[in-house]
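Have the sequence and the 3D view ready.

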Amino acid sequence: MIATIPFNKPYLTGDELGNIAEAHDAGQLAGDGQFTSYCSQWLVQHTDCSRALLTHSCTAALEMAAILINIQLGDEVIMPSYTFVSTANAFVLQGAVPVFIDIRPDTLNIDETLIESAITSKTKAIVPVHYAGVACEMDVIMEIADRHDLFVIEDAAQGVLARYKGRPLGSIGHLGCYSFHETKNIISGEGGALLINDPLLSERAEIIREKGTNRSKFLRGGVDKYTWVDVGSSYLPGEIISAFLWAQMQSAYKITSIRLKIWNNYHSAFDYLEKKGRVQRPVIPDDCKHNAHMYYLILHSPQDRLAFIEFMKEKGIACLFHYIPLHDSPQGSKSGRSAGNLACTNELASRLVRLPLWVGLEEFQAKVIELAIAYLDETI
């Protein structure tokens with residue numbers, strides 16, 4: 001059955017196509033035009049980072065980060081296994097070994113208490129992933145990194161406008177990476193950004209993004225011609241992407257507010273089931289301000305999850321599982337290694353189910369909740 005209530009539906013503010021036409025009229029569809037500048041400035045203003053560079057994806061931002069911190073063959077990078085493939089792949093491409101550690105049972109973020117025991121003489125960086133826009137325990141992670149002289153690269157793909165102790169996600173580590181993929185809160189179809197929080201990394205990041213050239217410096221009049229000065233690739237987005245994104249950024253707080261109302265509706269409705277021991281709801285620590293990127297439930301078993309997804313599908317509602325842990329994947333087991341027991345990762349990944357959450361769901365949400373509760377209360 002085709003879902004009548006999809007898992008995700010990209011939201012349009014109404015200004016996207018006008019911005020794209022304006023970019024076309026200005027005669028610049030290649031990257032780094034006025035809309036790219038607008039978006040970059042917005043990110044700096046709303047995250048307090050030193051500099052923001054738009055990229056064509058969060059994957060690109062992560063790849064830039066790996067190059068920027070000089071990842072070499074055999075270096076180790078500590079990260080959770082419960083994440084998207086790009087978190088690891090960006091470093092594997094530079095010859096690094098992902099070292100997977102377990103996640104916390106409450107937030108499903110990297111377990112900060114396990115990081116230090118995973119550090120070796122080859123460790124170069126820590127990559128915390130802010131799952132569902134809920135912050136990792138960044139103070140502890142930064143303290144460990146400082147003590148061991150390690151880089152911290154925040155995978156904040158899901159974290160736009162979320163905060164940790166008042167600080168925007170992506171602005172706490174040395175580098176932060178955002179996604180504007182169509183499944184995220186603020187979208188451009190594909191798209192991302194690298195947040196640079198250490199000013200010493202800024203100039204080289206610009207060069208890496210521009211195919212290893214100093215073209216941006218040339219355009220500013222800093223040199224009389226530009227040339228190949230470092231390694232790099234074409235990581236900047238086209239101006240059409242930035243024009244679309246600018247419309248979204250101008251409505252970013254409105255979008256987040258609507259999503260939070262939807263998230264809170266789910267959370268209140270499923271409190272009853274959690275108290276009866278039917279499900280586990282998301283946990284938001286007191287010092288975290290999330291952005292309602294995702295709403296999920298953790299069921300009793302993989303079989304319960306599969307049955308629930310099938311039931312909702314029959315009713316025309318798309319509910320999805322999430323990541324297959326990277327340490328269990330063919331490439332992950334080949335390229336990386338696990339440090340310690342990943343029991344929590346294995347257990348929770350097999351039981352988690354995500355519910356629809358998108359701007360416009362408001363008129364359909366009562367049906368989703370009603371059917372979910374009826375099934376879970378009677379069957380689980």
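## Around leucine 348

Leucine 348 touches Ile103, Arg104, Pro105, Leu108 and Ile298, leaving aside residues up to four places away in sequence; a contact here means heavy atoms within 4.5 Å. Leucine 348 and isoleucine 103 sit 245 residues apart in sequence, yet 9.3 Å apart in space, C-alpha to C-alpha.

Leucine 348 belongs to helix α14 (residues 343-349); helices are DSSP runs of H or I, at least four residues, numbered from the N terminus. Its relative accessibility is 5%, so leucine 348 counts as buried (under 20% relative accessible area, 1.4 Å probe, protein chains only).

## What we're looking at

This is a predicted model: local features need pLDDT of at least 70, side-chain atom pairs count only at pLDDT 80 or more, and totals for chains, interfaces and linings use all residues. Numbering runs from 1 along each chain as its sequence is written, and side-chain values use heavy atoms, with hydrogens and water left out.

## Helix α2

In α2, the buried residues are Phe35, Thr36, Cys39, Ser40, Trp42, Leu43 and Thr47. They cover an arc of only 155 degrees around the axis, so they lie on the same side of α2 (the arc is taken from the directions from the helix axis to the C-beta atoms).

Methods: Buried means under 20% relative accessible area, exposed over 50%, partly exposed in between (1.4 Å probe, protein chains only). Helices (H or I, at least four residues) and strands (E, at least two) are DSSP runs, numbered from the N terminus.
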